Amino acid sequence: MTMKYLKDVATLKYDPEKCKGCGRCVEVCPHCVFEMKEKRAVITDRDLCMECGACVKNCEFGAILVNPGVGCASAIINSLLFGGEPSCGCDGEGNGNGCC
Amino acid sequence: MSEQSEKSCCTSQTITPSPCCGEKGPTTDRFVRMGDLRVPSPAVQHVGTGWSRADRWGAFRSRISAFRMQYRVEPGLYAVGSPDKTSDVFVSANYKLSFDHLRRALKGRDAWIVVLDTKGINVWCAAGKGTFGTEELIRRIRAVGLDRVVEHRRVIVPQLGAVGVAAHVVKKETGFRVLFGPVAAKDIPTFIDAGYRATREMRKVRFSMWDRLVLTPMELNPAMKKFPYFLVGVFLLFGLQREGILFRPAWDGGLSFVILGLVSVLAGTVFMPILLPYLPTPSFGIKGWIAGLLSTCATFLAGGVPLRSVLLSLVALILFPAASSYLALNFTGSTPYTGMSGVEKELKRALPLYFTALVLSALFLIIYKVRTWG
């Protein structure tokens, strides 16, 4: 069963003009948001995007933009309370909050 | 568990006569003999593909407690089977459970494993933080002298590591081409046999009922650690009488609330994760609220929690589903499909509602107390 989160919230943007068809985005996306069609990547369903940022990191042509971050409520609450980027606290110092 | 004993429990035979460590970088005159092969590397450890009882116990402990933060293997180069210059090179995190899943998947094969220093964090989380990242991979490829260990120029990185590893940068800096392997280590043999190709199914991250179930202790444990505060609050609330704090009314009145509190914790941290795909709406907050409301009502109907007034029933119906909702929303941290924008949107809506529920509950409880005394 494919699980999908909220609609129309993902910050994923894709410029097909810049795509050179290397297929890395198809390879790295854990939700199969991209697929290849006629030697170019196309987005299948952007609501499947979890904003992990793997596609952006591996698109050397800058065709993909996304605001990567952790989809973790306690990380975001911590960020609201104490400032800084949302971080799930899995820093190896033993203060992880169970997010991984 | 010390790092030394950690190491020994996953190392079937250690052939590291070299006194230097992986951090110092290779020297050309230092070799390790592995079968017929002389490996020009600072340190290579030979590891088996089986899981010992200690490995299984470690895996279990790291699932249920903060022990995972100490469950590490030493970064560096490892050998499985009898690898040579043509053998595949796999990259892993130094979270021992990640490493163990990989070596188990390599049963019957000859391969090298390069373990990155991810501070003991699993591949996906570490990639998100950048410790399982481009720089560390480049540094580690150089530190273990990989260009002299193998003659080919490819490394197989777990797909979920792509969040931190930019393949084109690694290629440019080291000459090694990054192949992203499948999401699950168990698919590695199929991936290799298919000519380093992963099917669409192998590229997808899954979230089965079992996956969700094994994650529930991560939510249940921290919630139960805070439960004593709730117990004290309930004890004080119901125990507080004109004569002082009395045990009898605290027990009589508070027991129902304690049971409902426990049920709401279970609803938010266990029932909701298990029922995740079957509860309506994609919102975790609403899913958790539904799970909490159903559990609270079911507990009422079961008759085990006679509440003494309409006001207290109202408080229960406001407070406990809200608590379940909050705990369920926290489960977003354990799921592999919730994005930051979505969770932010949910929180913006949910936090004021949780606050309102708390204030209303407090107000009704004060009215209840005033009435019972009046």
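**Exercise 1. Strand pairing around β4 of chain B**

Task: In this predicted model, identify the residue of β4(B) that is the bridge partner of B:His46, and describe how β4(B) is paired and whether it is enclosed or open.

Solution. 
1. The bridge partner of B:His46 in β4(B) is B:Ala79.
2. Strand β3 of chain B, residues 44-47, pairs with β4(B) in the parallel sense, over four bridges.
3. β4(B) also pairs with strand β6 of chain B, residues 111-115; here the sense is antiparallel and there are five bridges. Within β6(B), B:Ile113 is the bridge partner of B:Tyr78.
4. A residue counts as buried when its relative accessible area is under 20%.

**Exercise 2. The setting of B:Ser87**

Task: Determine where B:Ser87 lies, whether the residue is buried or exposed, and which residues it touches beyond four places away in sequence.

Solution. 
1. B:Ser87 is located in the loop between β4 and β5 (88-92) of chain B.
2. Its relative accessible area is 8%, so B:Ser87 is buried.
3. A polar atom of the B:Ser87 side chain lies 2.8 Å from the backbone nitrogen of B:Asp84.
4. Leaving aside residues up to four places away in sequence, B:Ser87 touches B:Asp110, B:Ala111, B:Trp112, B:Val150 and B:His152.

**Exercise 3. The make-up of chain A**

Task: State the order of the elements of chain A and what share of its residues is buried.

Solution. 
1. Chain A contains three helices and four strands. Read from the N terminus, their order is β-α-β-β-α-β-α.
2. Chain A has 100 residues, of which 50% count as buried.
3. Its accessible surface is about 5,100 Å², and carbon and sulfur atoms account for 51% of that surface.
4. Of the contacts in chain A between residues at least 6 apart in sequence, 43% link residues at least 24 apart.

**Exercise 4. Positive phi in chain A**

Task: For A:Cys32 and A:Glu51, give the phi angle, the loop and the burial.

Solution. 
1. Most residues other than glycine have a negative phi.
2. A:Cys32, although not a glycine, has a positive phi of about 50 degrees. Its loop runs between α1 (24-28) and β2 (34-37) of chain A. With 3% relative accessibility, A:Cys32 counts as buried.
3. A:Glu51, also not a glycine, has a positive phi of about 60 degrees. This residue sits in the loop between β3 (40-43) and α2 (54-58) of chain A. A:Glu51 is buried, its relative accessible area being 1%.

**Exercise 5. The interface of chain B and chain A**

Task: Describe the contact by its residues, its buried area and its polar pairs, and name the element of chain B that gives the most residues to it.

Solution. 
1. Chain B contributes 55 residues and chain A contributes 50 residues.
2. The size of an interface is often given as the accessible area lost when the parts come together. Between chain B and chain A this area is about 4,400 Å², with 63% from carbon and sulfur atoms.
3. Two salt bridges are found across the interface. A:Glu27 and B:Arg203 form a salt bridge in which the closest N and O atoms are 4.0 Å apart.
4. The elements of chain B that give two or more residues to the side touching chain A include α4 (123-129), α10 (209-239) and α14 (340-373). The most comes from α14(B), with nine residues.

Key. Residues numbered from 1 in each chain as written. Chains lettered and ligands numbered in written order. Predicted model: local features only at pLDDT ≥ 70, side-chain atom pairs only at ≥ 80, totals over all residues. Heavy atoms only, no water. Buried < 20%, exposed > 50% of the residue type's maximum accessible area, 1.4 Å probe, protein only. Pairing = 2+ DSSP bridges. Polar contact = N/O pair within 3.5 Å; in protein donor to acceptor, adjacent residues only side chain to side chain. Contact = heavy atoms within 4.5 Å. Areas by Shrake-Rupley, 256 points an atom, 1.4 Å probe, with all protein chains shown as cover. Buried area = accessible area lost by both parts, 1.4 Å probe. Salt bridge = Lys/Arg side-chain N within 4 Å of Asp/Glu carboxyl O.
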